[in-house]
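Please open the model in your viewer and keep the selection panel at hand. We will go from stop to stop, and at each one you will hear what to select and what to look for.

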Amino acid sequence: MKQSILIIGLALAAGASVLLAGDAAVPGKSAAVSFRSVVTANGPVLYPYSIAAGDFAHTGIPGLAVVGVEESALVHALGKGNGRFGRWSDNGGTGDAPNFVIFADVDLDGNLDAVTTDGDEPYVVVAFGDGKGNFDRGVGPRTGRGYDTPQVAVADLNGDGIPDLVGTSSGVASNPGNIFILLGKGNRQFAKAVNISSGGHSPNGIAVGDLNHDGIPDLVVANSLSSSGPGNVAVLLGKGDGTFDKPVRYKAGIAPWQVVLGDFNGDGNLDLAVVSIDGENKIYVMLGKGDGTFSPSKTYAVGLGPSSVVPADFNGDGRLDLGVATCGERPPCHVAVLLGNGDGTFQPPVRFRVGLNPVQLVVADFTHDGKPDIATINGGDSTISILLNTTPFPTPSHPALN
């Protein structure tokens, strides 16, 4: 993910409605969400690009994996349950310049595997986990056209019960970029890659979900450019056999970079949040109609330089919120949390300080208390920031006993 997760005066001058917060809300304001910064520690990778969280050792506590193009290794550590992590290990295969990592059980053995993309070559690497915190050298299927692979997702695209890989490939002058599809064959093998149009140029982010309630995974792709200039968000509806309809394009800023799916208004349809690296310092939210189409985007100011977005219920009210990594030209940098109103709209952001230039953020329960915490990988100072959720969650109501 090449991007990468403000300065309050500049944010306000730019028109942002922002509530600044450290470990608590600004006095006189009700934040309704709070985080405690545990540590901004030296990271294990120089110039990191991506971070992933998952319980890859069956301890009940998520661990972390970090990759960066300067180090050809899958660097990972087990969580201690207090927001800190154990010894970093570099076993596990990657390409020469890994730039994105996710966890998924690709071979269906009950253990999480690490899937990484490459910043210099058209292939992905699947490093298979042993369930004890170790990963092998893996397999590296080629993705076809393009010169690098910004992002990848794992899903069963053809309904055969075997996980497949789908991701984006950036282009060159003769190739604007595309989507690659690697159908799983079982036994840790993949069919030859199929390449299809992404609906634009320089695709980066990709998300998978059932957008029209037909039980078939569909794709959403962020294209940072188009043949005429500004990029787009493209929707490709799945046919159920690993193929897709032609892309349908939507406007969401000048240079859409990352996309995430979630039901933001509680109507049972997947909605879309988009980070665009267009200098407008906003995110874009598009509500799904349930038939594979989306309403026009609504924008929310988040602060300078948004780069990554995640959905989660950060305050326990049953409504999805958004966390956005932001940073201007100079520190301090922040995670902006936008609480959801439950109708598809969001409140002004509450900000929590992290390291320099957070390029990606992930959400996981690092303390096993049932609350989503946040980790950022910070490319500007090669650190990791951990924000532990200290929000008082509502007490569950219980029916009276007769």
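Start by selecting Cys-333, which is buried at 0% relative accessibility; buried stands for under 20% relative accessible area, exposed for over 50%, and partly exposed for what falls in between, with a 1.4 Å probe and protein chains only. This is a predicted model, in which local features need pLDDT of at least 70 and side-chain atom pairs count only at pLDDT 80 or more, while totals for chains, interfaces and linings use all residues. Residues are numbered from 1 along each chain as its sequence is written, and side-chain values use heavy atoms, with hydrogens and water left out.

**Next stop: the cores**

Now select Ile-51, Leu-64, Phe-366, Ala-375, Ile-384 and Ile-386. These residues have the most contacts inside the largest nonpolar core, which has 19 residues. A nonpolar core is a set of buried Ala, Val, Leu, Ile, Met, Phe, Trp, Tyr and Cys residues joined through side-chain atoms within 4.5 Å. To see where the core comes from, colour S2 (35–42), S4, S5, S27, S28 (373–378) and S29 (383–389): each of these strands supplies at least two of its residues. Strands are DSSP runs of E with at least two residues, and helices are runs of H or I with at least four, numbered from the N terminus. Another core, of 17 residues, lies apart from this one, and Val-33, Phe-35, Val-335 and Val-354 are among its members. In soluble globular proteins, nonpolar side chains tend to be buried together.

**An open sheet**

Show strands S3, S4 and S5 as a cartoon. They form an open sheet of three strands in the order S3-S4-S5, with antiparallel pairing; two strands pair if DSSP finds at least two bridges between them. S3 (50–54) and S5 (71–77) are the edge strands, each pairing on one side only. From one strand to the next, the twist averages 15°, with axes taken as lines fitted to C-alpha atoms (for helices, over the stretch in contact) and angles running from 0 to 180 degrees between N-to-C directions. Five bridges pair S3 with S4 (residues 63–68). To find one of them, select Ala-53 and look across to its bridge partner in S4, Leu-64.

**A covered strand**

Move on to S17 (residues 229–236), where six of the eight residues are buried. S16 (residues 218–226) runs antiparallel to S17 and is joined to it by seven bridges, and Ser-226 has Gly-229 as its bridge partner in S17. Three bridges join S17 to S18 (residues 248–250), again in the antiparallel sense; Val-235 and Val-248 are bridge partners there.

Then step to Pro-217, in the loop between S15 (201–209) and S16. Pro-217 is buried, with a relative accessible area of 17%. Its contacts, leaving aside neighbours within four places in sequence, include Asp-156, Leu-157 and Phe-244; contact means heavy atoms within 4.5 Å.

Is Asp-118 buried or exposed? Select this residue of S7 (residues 113–118): its relative accessible area is 0%, so Asp-118 is buried. A polar atom of the Asp-118 side chain lies 3.1 Å from the backbone nitrogen of Asp-96.

Phe-264 comes next, in the loop between S19 (256–262) and S20 (271–276). Phe-264 counts as buried at 2% relative accessibility. Beyond its neighbours within four places in sequence, Phe-264 is in contact with residues including Leu-272, Val-285, Pro-311 and Phe-346.

**Last stop: positive phi**

Finish with Asn-357, in the loop between S26 (350–354) and S27 (358–364). Asn-357 is partly exposed at 32%, and its phi is near 60°, a positive value in a residue other than glycine. Leu-108, in the loop between S6 (98–104) and S7, also has phi near 60°.

Definitions and conventions. A polar contact is a pair of N or O atoms within 3.5 Å; within protein, one must be able to donate a hydrogen and the other to accept it, and residues adjacent in sequence count only if both atoms are side-chain atoms.
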